[in-house]
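Okay, everyone, thanks for coming. Let me put today's model up on the screen, and then I'll talk you through it.

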Amino acid sequence: MRFDVLTLFPEMITSAAGVGITGRAQERKIIELSAWNPRDYTHDNHKTVDDRPYGGGPGMVMKYQPLHDALMVAQQAHPDPAKVVYLSPQGRLISQSLLAGASKWPRLILVAGRYEGIDERFIAGHCDEEWSIGDYVLSGGELAALVVIDAITRLLPGALGDVESALQDSHSDGLLDCPHYTRPEVINGIAVPDVLLSGNHADINRWRMKQALGKTWCKRPDLLNGKQLTAEQTALLNEFINEVGREN
Ligand code: 9D3
């Protein structure tokens, strides 16, 4: 899959995506990533990318022309058809399922804004979708673009190592993770749960599922709404709830 990002801070994208899973995915040609700076497509001496908002008020707006010219160059740099997504606080809230859909696209051009946003006519004329990563205020779209690139890359065949892939298709999909422990066996008087030292992998798997279900029920009950649990999962969750009830 090919990603292009239109951004006033291209090094923010290329440096962050150059390491870890996304860095390795680029080396393995599972993803291609380029960043394009609208400032490189200005024609005035000051390389102006922003201007004052019509109607007045505070802040600046990204100009249409540098964004448009950067987009045309990015689009023509590669023959695959691209979806263009503008990252903005007004966008549709992204989810794992939305990103799983996008991971089937051959190419995605992400537009990261700065200042108060970009000229509405660029959105209307050139953007297929508008996405947000959540209800909090960022300084620009770059971190959102990195979130999208990272989360999609993990879904592409071959992007994860064997260990990460094995972890990904475990049976706890859509649940919070169970607790994890490593050596030493006791820290600050807190011992690792006995079952994890037992060597009984059926018991260990049941304990982990019970913890995942219980933690999800306690902290994110919304994730259980409309989720079909197996008879065993229902039994494990009821065990957990009865035990918590006794502790509190
Ligand atoms: C405080 C500025 N706000 C004035 C009412 C509006 C505003 C403009 C630009 C708020 C944030 C931004 C920059 N944000 C993004 O570009 C952005 C974003 C975000 O802030 N939150 C969640 N997802 C995204 S995607 C892009």
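This is a predicted model: local features need pLDDT of at least 70, side-chain atom pairs count only at pLDDT 80 or more; totals for chains, interfaces and linings use all residues.

Residues are numbered from 1 along each chain as its sequence is written, and side-chain values use heavy atoms, with hydrogens and water left out.

So, what sits around the ligand? There are 15 residues around it, and I133, G134, Y136, L138 and G140 come nearest; near here means a heavy atom within 4 Å. By class, that shell has nine nonpolar, five polar and one charged residues. For the classes, Ala, Val, Leu, Ile, Met, Phe, Trp, Tyr, Cys and Pro count as nonpolar, Asp, Glu, Lys and Arg as charged, and the others, Gly among them, as polar.

Which strand gives the most to the shell? That's β5, with three residues. Both β5 (83–93) and β7 (129–132) supply at least two each; strands are DSSP E runs of at least two residues, helices H or I runs of at least four, numbered from the N terminus.

Now the polar contacts, meaning N or O pairs within 3.5 Å. A backbone N or O atom of Y136 lies 2.8 Å from a ligand nitrogen. For I133, a polar backbone atom is 3.1 Å from a nitrogen of the ligand. With S132 it's the side chain, where an N or O atom is 3.4 Å from a ligand nitrogen. Taken alone the ligand exposes 580 Å², and the protein buries 71% of that, using Shrake-Rupley areas with a 1.4 Å probe.

Zooming out, the domain assignment, automatic or from a database, gives domain 1 (2–163) and domain 2 (170–247). Their centres, over C-alpha atoms, are 38 Å apart.

Last, the backbone. Most residues other than glycine have a negative phi, and most peptide bonds are trans. K47, though, has a positive phi, near 50°, in the loop between β2 (32–36) and β3 (50–51). And the R183 to P184 peptide bond is cis, omega near 5°, with P184 in the loop between α7 (162–168) and β8 (186–187).

How values were computed:
A polar contact is a pair of N or O atoms within 3.5 Å; within protein, one must be able to donate a hydrogen and the other to accept it, and residues adjacent in sequence count only if both atoms are side-chain atoms.
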